[in-house]
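Colleague: I have a model open and would like to learn how to read its features one at a time. Can you walk me through them?

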Amino acid sequence: EKATLETASAMISSFSPADAVGVIGLPAGGIDPTRDHAAAAAALRMMTGTRPVVNWRFRLTWREAIELANGNKEEILLVHERECSAFNSVFSPSSRDCSLELAHQARDMVRMGREHAQTVLTRLGDLLDDLTTERAPKHVVLFSGGIAFDVDLLSRYRDLSTKAAQARVAVFVVHLDQPAYDASDRMVERVFSGRE
């Protein structure tokens, strides 16, 4: 992310002196719209991500977590076969213990993913509300390593789209591509990588 944010902060120098630039961190931080482009660029370089630190044991994708949490029997069997054979050889618990832990992790992943998405969408919605009265051309650029999406969140995404249209704001998203698994621990998936 650092290289991308450095590039984005350097781009600010190409804006016209009349352009106001604001930086908003999620869930907090940033700088109000200003024509002091150097201050805005410095604030952008200070941004960090919001991905939570987790210690999950199983390699579940976002889609698999949703299916397990929803009780999809076919998906449960597939994931159980893949994950519990390796789990059992290392930890030697019963198959039932593995199934319970898989179900718990899936629910945890879904809860965290939805909470993260709600936080981001609420913050963006508030920003769009604030920009409604501004008459100049408006652009919002979101740098993200991924935001969870599933049917339960669809209405929130639609609401955000409606707010952007009403505020006449062009919204751009820059997806910071990340590997699905952390190099330091191949057993911990980055839930918000945006891959699924």
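Colleague: Let's start with α6: which of its residues are buried?

Modeller: First the general idea. An α-helix has 3.6 residues a turn, so residues three or four places apart point the same way. Here, in this predicted model, the buried residues of α6 are Leu160, Ala164 and Ala167. They sit on the same side of α6 because they cover an arc of only 75° around the axis. Buried means under 20% relative accessible area, exposed means over 50%, and partly exposed is in between (1.4 Å probe, protein chains only). The arc is taken from the directions from the helix axis to the C-beta atoms, and helices (H or I, at least four residues) and strands (E, at least two) are DSSP runs, numbered from the N terminus.

Colleague: What is exposed on the other side of α6?

Modeller: Arg158, Ala165 and Gln166. As for length, α6 has 14 residues and spans 20 Å from its first C-alpha to its last, close to the 20 Å expected at 1.5 Å a residue. That expected span is 1.5 Å times one less than the number of residues.

Colleague: What follows α6?

Modeller: Arg168, with a positive phi near 55°, although Arg168 is not a glycine. You'll find Arg168 in the loop between α6 and β4 (169–175). With a relative accessible area of 71%, Arg168 is exposed.

Colleague: Before I go on, what are the ground rules for these values?

Modeller: Residues are numbered from 1 along each chain as its sequence is written, and side-chain values use heavy atoms, with hydrogens and water left out. As this is a predicted model, local features need pLDDT of at least 70 and side-chain atom pairs count only at pLDDT 80 or more, while totals for chains, interfaces and linings use all residues.

Colleague: And how do I read pLDDT here: what is the mean for the protein?

Modeller: pLDDT is the predictor's confidence in each residue, from 0 to 100. The mean for this protein is 82, and 82% of its residues reach 70 or more. Among the elements, helix α6 (residues 154–167) has the highest mean pLDDT (95) and strand β6 (residues 185–189) the lowest (45). Over residues 180–190 the pLDDT is below 50, yet beyond near neighbours in sequence this stretch has 24 contacts in the model. Contact means heavy atoms within 4.5 Å.

Colleague: Which residues are buried in α2?

Modeller: His37, Ala40, Ala41, Ala43 and Leu44. Their arc around the axis is only 160°, which puts them on the same side of α2. Those buried residues of α2 pack against α1 (2–11), β1 and β2.

Colleague: On to charges. How many salt bridges does a search of the whole structure find?

Modeller: The idea is simple: side chains of opposite charge can pair when their charged atoms come close. The criterion is a side-chain nitrogen of Lys or Arg within 4 Å of a carboxyl oxygen of Asp or Glu. The search finds 9 salt bridges. One of them joins Arg57 and Glu101 (2.9 Å, N to O). This pair links distant parts of the chain, 44 residues apart: Arg57 is in the loop between α2 (37–45) and α3 (62–69), and Glu101 is in helix α5 (residues 95–131). Arg57 counts as partly exposed at 31% relative accessibility, and Glu101 counts as partly exposed at 27%.

Colleague: What does Arg82 pair with?

Modeller: Glu64, with the closest N and O atoms 2.7 Å apart. Arg82 is in helix α4 (residues 73–91) and Glu64 in helix α3, 18 residues apart. Arg82 is partly exposed at 38% relative accessible area, whereas Glu64 is buried at 7%.

Colleague: Where does the Arg114 and Asp152 pair sit?

Modeller: Their side chains meet in a salt bridge (3.1 Å, N to O). Arg114 lies in helix α5 and Asp152 in the loop between β3 (138–144) and α6, so the pair ties together parts 38 residues apart in sequence. Arg114 is partly exposed at 22% relative accessibility, and Asp152 is exposed at 52%. There is also a network: salt bridges that share partners join Glu64, Arg82 and Glu83.
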